[in-house]
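Here is a short report for a reader new to this structure. Look at the model first, then read on.

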2 protein chains.
Amino acid sequence: MRIAVIGLGLIGGSLLRALGAAGHDVVGFDADPATRELARAAGFEVGGSVRETVAGSVVAALAVPLPILPEVVADLDGYDGLVTDVTSVKGPVRDLLAGRRFVGGHPMAGKETSGFAAAEAGLFGGCAWVLCLEPDGTDLDDWLLLAGLFTRMGARVVPVTAAEHDTAVAQISHVPHLFAAVLAEQLLSNPLAGTLAAGSFRDGTRVAATRPELTAAMCGGNGRAVQRELHRLIGELRQLEAVLEGPEPIGAMTGYLRRPSEARRAWPATPGRPETIPADIPDLLHLGRSGGWVTEVKTGRVVVKRPETDRFLP
Amino acid sequence: MRIAVIGLGLIGGSLLRALGAAGHDVVGFDADPATRELARAAGFEVGGSVRETVAGSVVAALAVPLPILPEVVADLDGYDGLVTDVTSVKGPVRDLLAGRRFVGGHPMAGKETSGFAAAEAGLFGGCAWVLCLEPDGTDLDDWLLLAGLFTRMGARVVPVTAAEHDTAVAQISHVPHLFAAVLAEQLLSNPLAGTLAAGSFRDGTRVAATRPELTAAMCGGNGRAVQRELHRLIGELRQLEAVLEGPEPIGAMTGYLRRPSEARRAWPATPGRPETIPADIPDLLHLGRSGGWVTEVKTGRVVVKRPETDRFLP
């Protein structure tokens, strides 16, 4: 199968390598001539433009940063194959690609280094790869084609809507970055805090050291979900504040903290045994919502795993 | 110098060992007979009661948990030596010991294991040891006596008021535990979040796994400071919420995040060169407030270090 990868940084370069290693006829393109040269030197076919690179391919995977995506999409005029992407926000990309054969994706993979030189075929082994499935817009065969490609690389493919993805990443990544920032800001007004700070501060603020441009682009790009989840968590913190002002703060707080403490100790969940379920949109979405993922695509069916226990669910 | 240590868990046991290794005439006591037996077997003199143990000692160090402290203090009737403690909240202990020769302490030391068996003489090497200094209540000679003992164990002695201590630990430990709990609680309502969560969630929620009784006792014991600092940080988060709703969220958020990001990257600060300053209460309190600590006590003077740079201070 001929597959085009646009953008050859860490994720795009790793995708090119992984798809090539799986025996596909891959072609890549990057706006940076030096990157194109690196990919050519590594033995890959490299196109001269987006338009030329995607022509004749079955799948075009867009692995460029979100701000660049609109101009790359404009260059797809005339291309009628299947398009996917790897950006970390899915609602805005779904809207940008409306009217096209498109399935949005987000591999939860990365490492400290970036660029094609750091790319490796094994990057996606074991990683969760969100692949968006909209009840009213996604072609199931397109979704299964990509799910098959990515599971064969060892990824755990997670079927959810773009909105569900954006809410979950706001909860587990974007809002935690904002929490870390307000905790770290305390160093500015109280030098004593920095002298006494130890493990709980070190871990709770680690991601505050991220470049502010990156955190702002990530949160701002998912602004509606981040604002909603931040608002909800502020409400939780206000409940804790009320508990501290109440008559029996230690007992009430122990009760409040018990379930989060159990939930954190049970995370990450152990996967249960593989099951085979029908490859239809309602079953797949139910799987994703319950924390499960696809490990293999078969004709009309998929092999899946779910977290072993749901004892902490309401 | 004869020194009594009451409570021979990890901190008290380590203190007994460190003071013994420094050549002091030490005697210990623990309410648990098995712990007393362990200390005796390790070659230490062990008393039969609090009253008997402290009799004749120059310093009595109380290394018992906060809830036990009132009954131990009641057993000090008739003892007129210097009393110190090691609990993690200082305002309530200052009030409990009002009218006595008392200097509150808090060594920021610990490890995963607990009990006398885990105690070691080297536990305090390099650790910050808060030693409270109240402009209107602490006898400076008493403070310097203890600062000398603890700096000779390798501790960095931090002179601050009880109120300053309680605010700082609320900022860098207690409120971060509450932030971690509300982030971890999201696992309960959204199983998808647990499947997609990675590094920023793992680190931001690590301390949510602490036993809820411990976190509640810690936060509740420092309730006023925790409530105040939590309230302030909720205000910061609401500012971020407003930024996300504003007209230029990415630019505004980049501006907001820049200073916390720089501050976190500059933490922990590199200590500057040693300085010698007068051993008086105003100079010592200024040192503590600016993030510095005492490394050695001399006659009428102390050797101190401060964080090398204050370029992030307002």
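**The chain as a whole**

This is a predicted model. Chain A holds 14 helices and 12 strands. The C-alpha trace of chain A spans about 70 × 45 × 30 Å along its principal axes. Of the 314 residues of chain A, 52% count as buried. Contacts also reach across the sequence. Among contacts in chain A between residues at least 6 apart in sequence, 62% join residues at least 24 apart.

**A parallel sheet in chain A**

Six strands of chain A form an open sheet. Their order is β3-β2-β1-β4-β5-β6, and the pairing is parallel. β3 (45-46) and β6 (102-103) of chain A stand at the edges. Each has a single partner strand, so one side of each is left without a neighbour in the sheet.

Now take β1 of chain A, residues 2-6. In the sheet order, β1(A) stands between β2 and β4.

| Strand pair | Sense | Bridges |
|---|---|---|
| β1(A) and β4(A), residues 59-62 | parallel | four bridges |
| β1(A) and β2(A), residues 25-29 | parallel | five bridges |

Val5(A) shows both pairings. On one side, Val5(A) stands opposite Ala61(A) in β4(A). In β2(A), the bridge partner of Val5(A) is Gly28(A).

β1(A), helix α1 (residues 10-21) of chain A and β2(A) make a β-α-β unit, and the unit is right-handed.

**A buried strand in chain B**

Strand β9 of chain B covers residues 156-160. Five of its five residues are buried, so β9(B) is largely enclosed by the rest of the structure. Which way do they point from the strand? Arg156(B), Val158(B) and Val160(B) point one way, while Val157(B) and Pro159(B) point the other way.

β9(B) runs parallel to strand β8 (residues 128-132) of chain B, and five bridges join the two. One of the partners is Pro159(B), which is bridged to Leu131(B). Between these strands, the chain crosses through helix α6 (residues 140-152) of chain B. This β-α-β crossover is right-handed.

**How the two chains meet**

Two copies of a chain are related by a rotation about an axis and a shift along it. Here a rotation of 180 degrees with 0.0 Å of shift along its axis superposes chain A on chain B, with an RMSD of 0.0 Å. The two copies are thus related as by a two-fold rotation axis. In chain A, the C-alpha nearest the axis belongs to Gly204(A), 2.2 Å from it.

How many residues are in contact between the chains? On chain A, 91 residues touch 91 residues of chain B. Helix α7 (residues 162-184) of chain A gives the most to its side, with 15 residues. By class, that side has 53 nonpolar, 22 polar and 16 charged residues. Of the interface residues of chain A, 100% are also interface residues in chain B, so the copies meet through the same surface.

How values were computed:
Residues numbered from 1 in each chain as written. Chains lettered and ligands numbered in written order. Predicted model: local features only at pLDDT ≥ 70, side-chain atom pairs only at ≥ 80, totals over all residues. Pairing = 2+ DSSP bridges. Right-handed = clockwise from strand over helix to strand, strands pointing away. Least-squares fit on C-alpha atoms with pLDDT ≥ 70 in both. Contact = placed C-beta atoms within 7 Å. Buried ≥ 20, exposed ≤ 12 C-beta atoms within 10 Å, placed from the backbone. Nonpolar A, V, L, I, M, F, W, Y, C, P; charged D, E, K, R; others polar.
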